[in-house]
Amino acid sequence: MAEAEKSMGSDNVEDILTKIENKSLKIESLIKQYKPIEAIKTALEGYPPQDERCKFANWIVVRKALMAIKDVEGILRSLNPQYYDILMKYVYRGLSTGDRTTCDQCLKIHEKLTEKAGFGCILRSLADTVNTV
Amino acid sequence: MASTLRLYLTCIRNTLEAAMCLQNFPCQEVERHNKPEVELKTSPELLLNPVLICRNEAEKCLIETSINSLRISLKVKQADELENILAKKFLRFLSMRAEAFQVLRRKPVQGYDISFLITNYHCEELQKQKLIDFIVQFMEDIDKEISELKMSVSTRGRLVATEFLKQF
């Protein structure tokens with residue numbers, strides 16, 4: 001029983017990794033077509049995965065989309081408010097990497113996002129210990 | 001350069017505003033004890049996600065919150081050996097006088113240069129906004145202090161060397 005569950009678990013992980021790869025290709029094509037808004041929306045969609053490898057793969061994809069943003073205000077204006085919380089979680093993940101370019105971009109996004117979404121957004125990303133990113 | 005500093009400090013200020021939501025919480029394990037949960041980390045339900053805000057590879061700030069306490073650890077920029085020594089000495093000087101600061105921690109957290117521990121009692125006695133202003137101001141002033149110290153050390157060194165070599 002436990003073995004069957006384990007194999008189911010690993011299947012899920014492989015599934016999720018392939019889904020994330022497809023997402024990555026879609027996002028790269030959207031970025032090339034100068035559509036960063038759609039790229040961000042596609043990147044942030046979907047429930048954040050539970051497995052560490054999937055989280056890392058998902059983070060790489062979101063990072064690509066985040067680094068392609070040039071006009072932060074415009075993007076936030078057109079982004080659906082339901083994505084603010086998950087975007088804030090990814091911004092904090094970006095800030096923890098320590099890589100200079102990522103941190104610069106994430107600091108810019110953090111400032112504008114806090115102006116738009118308020119302190120509640122930050123607190124929700126701090127308090128949510130279950131759906132970490 | 002200056003703009004990333006401003007963004008970095010704004011980010012830390014906003015995160016502190018959101019994270020400084022402390023209330024009194026007596027210890028769950030031991031009767032009549034009241035401990036800062038962020039230091040002991042005994043129960044996971046009392047802790048929030050720790051947040052690491054990096055400005056670049058050298059400077060970072062770790063903010064850990066719990067229900068009754070908040071710990072802020074800073075790593076200050078140290079460009080060369082001299083700044084390394086000056087920063088260490090200066091921050092050790094401050095940490096040893098932590099009683100006077102109230103919110104300072106006597107020993108910095110492993111991997112960082114200086115740490116603050118803010119408990120619910122501090123939030124009751126002192127104003128939350130002023131605490132946050134203090135911490136952000138502290139971060140700005142540290143950089144200035146260390147560059148001032150470095151300049152005075154090199155000036156003194158130059159004067160001493162000129163005087164000494166005059167005799168030759």
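A: Buried means under 20% relative accessible area, exposed means over 50%, and partly exposed lies in between. The model here is predicted.

Q: How is R100(A) classed by relative accessibility?

A: R100(A) counts as partly exposed, because its relative accessibility is 40%.

Q: Which residue meets the side chain of R100(A) in a salt bridge?

A: The general idea comes first. Side chains of opposite charge can pair when their charged atoms come close. In this structure, the side chain of R100(A) forms a salt bridge with that of E57(B), at 3.8 Å from N to O. R100(A) belongs to helix α6 (residues 100-117) of chain A, while E57(B) sits in the loop between β1 (51-54) and β2 (60-65) of chain B, so the pair joins two chains.

Q: Is E57(B) buried or exposed?

A: E57(B) has a relative accessible area of 55%, so the residue is exposed.

Q: What does K150(B) form with E83(B)?

A: K150(B) and E83(B) form a salt bridge, and their closest N and O atoms are 3.4 Å apart. K150(B) is in helix α6 of chain B and E83(B) is in helix α3 (residues 81-96) of chain B, so this pair ties together parts that are 67 residues apart in sequence.

Q: Where do K144(B) and D141(B) lie?

A: Both residues are in helix α6 of chain B, 3 residues apart, which is about one turn of the helix. The side chains of K144(B) and D141(B) meet in a salt bridge of 3.8 Å, N to O. K144(B) is partly exposed at 49% relative accessibility, and D141(B) is also partly exposed, with a relative accessible area of 30%.

Q: Which residues do salt bridges that share partners join into one network?

A: The network consists of E39(B), K41(B), E64(B), R71(B) and R105(B).

Q: How many salt bridges does a search of the whole structure find?

A: The search finds 18 salt bridges over all chains.

Q: Which residues form a nonpolar patch on the surface?

A: A patch takes residues with over 30% relative accessible area and no salt bridge, and nonpolar side chains are joined within 5 Å. Here F164(B), L165(B) and F168(B) form such a patch, and together they have about 390 Å² of accessible area. One of them, L165(B), lies in helix α6 (residues 128-166) of chain B. L165(B) counts as exposed because its relative accessibility is 52%.

Note on methods. Residues numbered from 1 in each chain as written. Chains lettered and ligands numbered in written order. Predicted model: local features only at pLDDT ≥ 70, side-chain atom pairs only at ≥ 80, totals over all residues. Heavy atoms only, no water. Patch = residues over 30% accessible without salt bridge, like charges linked within 9 Å, V, L, I, M, F, W, Y side chains within 5 Å. Areas by Shrake-Rupley, 256 points an atom, 1.4 Å probe, with all protein chains shown as cover. Salt bridge = Lys/Arg side-chain N within 4 Å of Asp/Glu carboxyl O. Helix = DSSP H or I, 4+ residues; strand = E, 2+ residues; numbered from the N terminus. Buried < 20%, exposed > 50% of the residue type's maximum accessible area, 1.4 Å probe, protein only.
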